[in-house]
Amino acid sequence: MEGVGGDSAASTPVNIFWQDVWRRYQYFLDKTTPHAVYRWIGTLVVALIYILRVYYVQGFYIISYGLGIYLLNLLIGFLSPLVDPEMEVSDGPMLPTKGSDEFKPFIRRLPEFKFWYSFTKALCIAFVMTFFAMFDVPVFWPILLCYWIVLFVLTMRRQIAHMIKHKYIPFNVGKQKYGKKPSASGGGSRGD
């Protein structure tokens, strides 16, 4: 009767070990959630290490190009609203389209934490790929760089036009200030 019900496969020492490793990894990942600045500083360090690695070995440009395309895709998801006003009509929160519409908060299609996590994971995967010669495809890198810059400019221009058309800003710039209130101590009129 051993093996009936599938309990024996789930409780092997190897599975228990990997579940424990995954639980610890998830614990530390959850602990980093409120520390956005430190997470992004760490990601910038990883990006710098990756850039130095590619510069040092003078190769893996196709990996860098693929990484750049993927990061651009993540950026578009980060800057886009969850519900695109052009694509679908929804009963949920949507961006206001007129001045008389009530305020609805900007909800991202890709939240900041998932953006950071995918960004960092992609950098780490690309870094590991630079240690395998089979990924070092010989290409003329200036062409890839020019093509990526053109793609970035065109994509960002379209995204910014979308932001202007639908009047949304995907960043929180702090609490809005609407103007100074007149003070109660005679600041209202001069008496000239």
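What percentage of the 192 residues of the protein chain count as buried? The share is 24%, where buried means under 20% relative accessible area, exposed over 50% and partly exposed in between, with a 1.4 Å probe and protein chains only.

This is a predicted model, in which local features need pLDDT of at least 70 and side-chain atom pairs count only at pLDDT 80 or more, while totals for chains, interfaces and linings use all residues. Residues are numbered from 1 along each chain as its sequence is written, and side-chain values use heavy atoms, with hydrogens and water left out.

View 1. Helices (H or I, at least four residues) and strands (E, at least two) are DSSP runs, numbered from the N terminus. The elements run α-α-α-α-α-α from the N terminus on. Counting contacts (heavy atoms within 4.5 Å) between residues at least 6 apart in sequence, 82% join residues at least 24 apart. The accessible surface is about 14800 Å², and carbon and sulfur atoms hold 67% of that area; areas come from the Shrake-Rupley method with a 1.4 Å probe, and for residues only the protein chains shown count as cover.

**View 2. D20, R23 and R24 form a salt-bridge network.** A salt bridge is a side-chain nitrogen of Lys or Arg within 4 Å of a carboxyl oxygen of Asp or Glu, and the count by this rule is three. The closest N and O atoms of D20 and R23 are 3.8 Å apart; for D20 and R24 the value is 3.3 Å. D20 and R23 are separated by about one helical turn because they are three residues apart in helix α2 (residues 13–31). D20 is partly exposed at 28% relative accessibility, while R23 is exposed at 52% and R24 is exposed at 53%.

**View 3. E112 and R39 meet through their side chains in a salt bridge.** The N to O distance is 3.0 Å. E112 belongs to helix α5 and R39 to helix α3, so the pair ties together parts 73 residues apart in sequence. R39 is buried, with a relative accessible area of 5%, whereas E112 is partly exposed at 24%.

**View 4. Q58 and F60 lie in the loop between α3 and α4.** Phi is near 50° in Q58 and near 60° in F60, both positive values in residues other than glycine. Most residues other than glycine have a negative phi. Q58 is partly exposed, with a relative accessible area of 48%; F60 is buried at 6%.

**View 5. Helix α4 has buried residues covered by α3, α5 and α6, among others.** Helix α4 has 19 residues and reaches 27 Å from its first C-alpha to its last, close to the 27 Å expected (1.5 Å times one less than the number of residues). Its buried residues include Y61, I63, Y65, G68 and F78.

**View 6. V37, Y38, I41, V45 and I49 make a nonpolar surface patch of about 520 Å².** Patches are made of residues with over 30% relative accessible area and no salt bridge; like charges are joined within 9 Å, and nonpolar side chains (Val, Leu, Ile, Met, Phe, Trp, Tyr) within 5 Å. I49 lies in helix α3 (residues 36–57) and is partly exposed at 45% relative accessibility.
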